[in-house]
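Subject: Structure for your review

Dear colleague,

My notes on it follow, arranged by topic.

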Amino acid sequence: MAEQQVLSPDAPLASNQMQRAVSPTMPPLGFGSLRDITSQPAVRKALPAIALTGAIGLAAITYFALSTPAQTPLFQGLAEADKAAVADALQASGISYSLDPGTGAISVDAGKVYEARMLLAGQGLPKAQPNGDAVIASLPMGSSRAVEGETLRGAREADLARTIEAIDAVKTARVHLATPEPSVFVREAREPAASVMLTLQQGRSLSEAQVRAIRHLVASSVPSLSADLVSVIDQSGALLSSDQASAEDKMFQLQMQMEDRYRQAVVALLTPIAGAGNFSVEVNADVDASESQSTRETYPKDDRALRSEEGNKSVSGSAGQDAVGIPGALANQPPPASELTNTPPGAETAANGAGTQSEETYTRSFDVGREIAVTHQPQGGLRRLSVAVALRDGQGAKKRSAADVAALENLVKGAVGFNAERGDVVAISARPFAEQTETPVNFWDQPWFFPMVQQIGAVLAALVAFIFIGRPLMKAAKGRMAAAKEQAETEQQLLAVTSNPRASKEVTIEMIEAAPSYEARANLVRSFIRQDPERAALVVRQMIGERSDG
């Protein structure tokens, strides 16, 4: 009974201690809240590892999020087969890529775009557009006539594009055919036309003969299509079919070609003499854009020739001579007066003197000389040529003399076909050139600066996240772990004492207060009384005195 009276005042304290000690070992009531989860012993023991792992993971996520380079689309609008082939090639080459889930575009790191494109180009990727057989094979059954016509036209365009891509200088080609519907009315009939878009290889160009060949190739593949209605342009938008260009464009191209030809001639002449980079050449060709034609007909004054001559001559006797001819005929009669008047004066005199009479009748035709001259002056004639050459005088070197400059001027005149009658001008000047100073490039404009800033920023962000987030979490987890460990050790000691009171040598007040249950607390009190009865009696007196005072 005494023991029950001693323990009864502290029964609420023992109940609280019992609830506090028993609650960690009781099964959890639920995992609905984070507090219930973290109150578990296993979770408390794993909190430091969880905090360390979370801090490292947060730092890694921050690092990779900031250090990941910008992604640039490699190709867009590819077919699924081309995407698979490109992805396999990139994966085999060790180039990381990403696939946009929205557009399906393949993207790689911004610094590896050209490397990836060169790699894929070496493997023939992406493939060219499908050929005509594939387009026709994909035509669904039961298609309308309009759909069938458009499909056939697309197949023809694809085949023409693949054929044009076989040219060495052509990288890709697109062909568009404009074939109007046939009409029974002549007035509504329209001729078909075509356009060709070429993407040329880097540094390559097409000659006029090649462009003509492409136009005739397209025109020969489409019925009723004329080569004049085929337009060819390159990736820069320049019209390659020159006959469709305007007259001004043609003259400008002609002028550029003439100036370039003369410039190349002067450069080829001066390079071995002055050295590359020691001179500068500019050429201006004045091209005549007018066209004239004249016809002239002249008749020389003394230029004539006998073309034909016709005539007859007759001789007859006079009255003092014997009669001639056939007797009784009219021929023996003297001629009439009209016929005698046509006798030339000399002939009449000779006839009177000689006793004979003659008559001559001639018809002559003459050709007069005629000269016809046709003069045609086409467009593009060179009216005047101007050439300017600047020679470099080396720093500290001997200046060129006037004789040297004159000799170079004669060489340049011979190279360009100098003609003084046209008013051609050749000017040569020797003087020091301005030194070209290289513009300093800022270090932040260097290609390595931005990736380095990304890496450093990612490292700093990871350190900041670890210091301000990871370390507090780790300290809190370690504190909870230490408190849980200390409490577990106390509980083990209390359980050992309550289960075997005799094994314990000394029972303290702190052990009694930390008892996990009422029964354990009672056992400790009994052990404490048996261990030190006097001290126990003193404690009872104090408790009774406190109650009586209260």
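Predicted model: local features only at pLDDT ≥ 70, side-chain atom pairs only at ≥ 80, totals over all residues.

Overall description

The chain has 550 residues, of which 23% are buried. Its secondary structure comes to 17 helices and 13 strands. Among contacts with a separation of 6 or more, 70% are between residues 24 or more positions apart. The accessible surface is about 37700 Å², and carbon and sulfur atoms account for 55% of that area.

Confidence

The average pLDDT of the chain is 75, and 73% of the residues score at least 70. Residues 1-32 have a pLDDT below 50; this stretch has 34 contacts in the model beyond near neighbours in sequence. The pLDDT is also below 50 over residues 339-343, a stretch with six contacts of that kind.

Nonpolar cores

The largest nonpolar core holds 23 residues, and V266, L270, L385, V387, V389 and I428 have the most contacts inside it. At least two residues of this core come from each of α10 (247-274), β7 (279-288), β12 (381-392), α13 (402-416) and β13 (425-431). The greatest contribution is that of α10, which gives six residues.

Which residues does L270 contact once its neighbours within four places in sequence are set aside? They are G275, F279, V281, V389, L408 and V412. Apart from this core lies another, of 22 residues, which include A161, L206, A219 and A227.

L254 has a relative accessible area of 28%. Because buried means under 20% and exposed over 50%, this residue is classed as partly exposed. Not counting residues up to four places away in sequence, L254 touches V287 and G380.

S107 belongs to strand β3, which covers residues 106-109. Is S107 buried or exposed? The residue counts as buried because its relative accessibility is 11%, under the 20% limit. Leaving aside neighbours within four places in sequence, S107 is in contact with Q71, T72, P73, L74, Y97 and S98.

S224 is placed in the loop between α9 (208-221) and β6 (230-233). Its phi is near 65°, which is a positive value in a residue other than glycine. With a relative accessible area of 66%, S224 is over the 50% limit and is therefore exposed.

Aromatic rings and charges

How many aromatic pairs does the structure hold? The number is zero. Charged groups do lie over rings, however. R261 is over the face of Y262, at 4.5 Å from the ring centre.

With kind regards

Technical notes
Residues numbered from 1 in each chain as written. Heavy atoms only, no water. Core = buried A, V, L, I, M, F, W, Y, C linked by side-chain atoms within 4.5 Å. Buried < 20%, exposed > 50% of the residue type's maximum accessible area, 1.4 Å probe, protein only. Helix = DSSP H or I, 4+ residues; strand = E, 2+ residues; numbered from the N terminus. Contact = heavy atoms within 4.5 Å. Phe/Tyr/Trp six-rings, centres within 6.5 Å; stacked < 30°, edge-to-face > 60°. Lys NZ or Arg CZ within 6 Å of the ring centre and 35° of its normal. pLDDT = per-residue confidence, 0-100. Areas by Shrake-Rupley, 256 points an atom, 1.4 Å probe, with all protein chains shown as cover.
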